[in-house]
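This briefing covers the fold and packing of one protein chain. Please view the sequence and the structure alongside the text.

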Amino acid sequence: MKRLVFLLLVNSFSSSVYSQSKDTFEVYFPFNSAKISKEAEGYIDLLIFNDTLIHGNKLMVLGYADYVGGNKHNDSLSFMRANAVRNYLVKYGFDKEDISLCVGKGKIGRKNIAEKNGCAADRKVQIVIVHTPPAAPPPAVNPNAKIDINKLKVNQAFALNNLFFEPGMDFLLPESSPDLAVLLGFMRENPKVTIRIEGHVCCLGHQEGLDSHYKDGYLSGYRARAIYNFLAKNGIDTDRMKTIGLGNNNPVVKDEVTEDDRRKNRRVEIRILSK
């Protein structure tokens, strides 16, 4: 009963202390501390009590620090904060395997800030629910649209030109379906081939994903993983596949001007490892 009363009290003021979106929830920490406060524990308890966080959810836990202190200190502090939240979730029954990422992102840089005590809004951990769209059966495609294994060399990469993603997300757009089917057919017809799936993002000068749940270089890795998951759910042995995120280091269009330019850089390439 006391626990329920406490949760109700937390609910009454959590909106002013914690921020949340549809699938991202932020827990705040005291200055220079990685210890979860009673209020923060209560907020996490509330998310579990209200079935907002459900056992079996795939989660990412991302820790941050404010701009006070050096990079090394804040890298360590942000990781300890993330790890504290992960341990709290595991303590209350969440599977470690369901927490796919637990990292410290270091300090959040801010310009023209003169406050010596830092920024309280940046001393936080984000708990992100990762939604994976269900795999759809491959659609019918032109049987002549095939990848010629005889023309491919080991360590050669090729791009399927019509794998397109939502900006800032790892969700494939519907027009990607034909090329997904071509890739799936290629893997089925060439069972000795092993590949590395290489994810890329767009937006030079303003890295794609900074306003999404997949911060910095992680978005490109999640894009590669989306293709991996599609192939695995359609019967391709996972031992034949590796993934890597390459950020925006290898753009197809170096000087992005149009949305079409950016769409071309939001891509996944397939590298032949053996055949």
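What follows describes the chain as a whole, then its sheets, its helix packing and some single residues.

The model is predicted. The protein chain holds 6 helices and 8 strands, and from the N terminus on its elements follow the order α-β-α-β-α-β-β-β-α-β-α-β-α-β. Of its 275 residues, 45% are buried. Among contacts between residues at least 6 apart in sequence, 77% join residues at least 24 apart.

- An open sheet of 4 strands has the order 1-4-2-3, with mixed pairing.
- Strand 1 (24–28) and strand 3 (99–107) are at the edges with a single partner strand each, so one side of each has no neighbour in the sheet.
- On average, neighbouring strands of this sheet are turned by 15° against each other, direction ignored.
- Strand 2 (residues 59–65) pairs with strand 4 (residues 124–129) in the antiparallel sense, over 5 bridges.
- Within this pair, Val61 has Ile127 of strand 4 as its bridge partner.
- Helix 3 (residues 71–91) lies across strand 2, strand 3 and strand 4, and runs at about 150° to strand 3.
- Helix 5 also packs on this sheet, where it touches strand 2 and strand 3; the direction of helix 5 makes about 165° with that of strand 3.

- Another open sheet of 4 strands has the order 5-8-6-7, and its pairing is mixed.
- Its edge strands are strand 5 (157–159) and strand 7 (241–245), each of which pairs on one side only.
- Neighbouring strands here are turned by 25° against each other on average, direction ignored.
- Helix 5 (residues 218–233) packs on this sheet and touches strand 6 (194–199), strand 7 and strand 8; its direction makes about 160° with that of strand 7.

**Strand 8 and its partners**

- Strand 8 (residues 268–274) pairs with strand 5 in the antiparallel sense over 3 bridges.
- Phe158 has Ile270 of strand 8 as its bridge partner, and Ala159 stands opposite Glu269 in strand 8.
- Strand 8 also pairs with strand 6 in the antiparallel sense, over 6 bridges.
- Gly199 stands opposite Val268 in strand 8.

**Packing of helix 4 on helix 5**

- Helix 4 (residues 177–189) packs with helix 5 at an angle of about 60°, and their axes are 11 Å apart.
- Helix 4 and helix 5 are therefore oblique to each other, and their crossing is right-handed.
- Leu180, Leu183 and Leu184 of helix 4 make the contact with Ile227, Phe230 and Leu231 of helix 5.
- By class, the contact of helix 4 with helix 5 has 6 nonpolar residues, no polar residues and no charged residues.

**Phe171**

- Phe171 is in the loop between strand 5 and helix 4.
- Phe171 has a relative accessible area of 27% and is partly exposed.
- Phe171 and Tyr222 are 51 residues apart in sequence, while their C-alpha atoms are 9.3 Å apart in space.

Definitions and conventions: Residues numbered from 1 in each chain as written. Predicted model: local features only at pLDDT ≥ 70, side-chain atom pairs only at ≥ 80, totals over all residues. Heavy atoms only, no water. Pairing = 2+ DSSP bridges. Helix = DSSP H or I, 4+ residues; strand = E, 2+ residues; numbered from the N terminus. Axes fitted to C-alpha atoms, helices over the stretch in contact; angles between N-to-C directions. Contact = heavy atoms within 4.5 Å. Parallel < 35°, antiparallel > 145°, perpendicular 65-115°, else oblique. Left-handed = near helix turned anticlockwise from the far one by under 90°. Nonpolar A, V, L, I, M, F, W, Y, C, P; charged D, E, K, R; others polar. Buried < 20%, exposed > 50% of the residue type's maximum accessible area, 1.4 Å probe, protein only.
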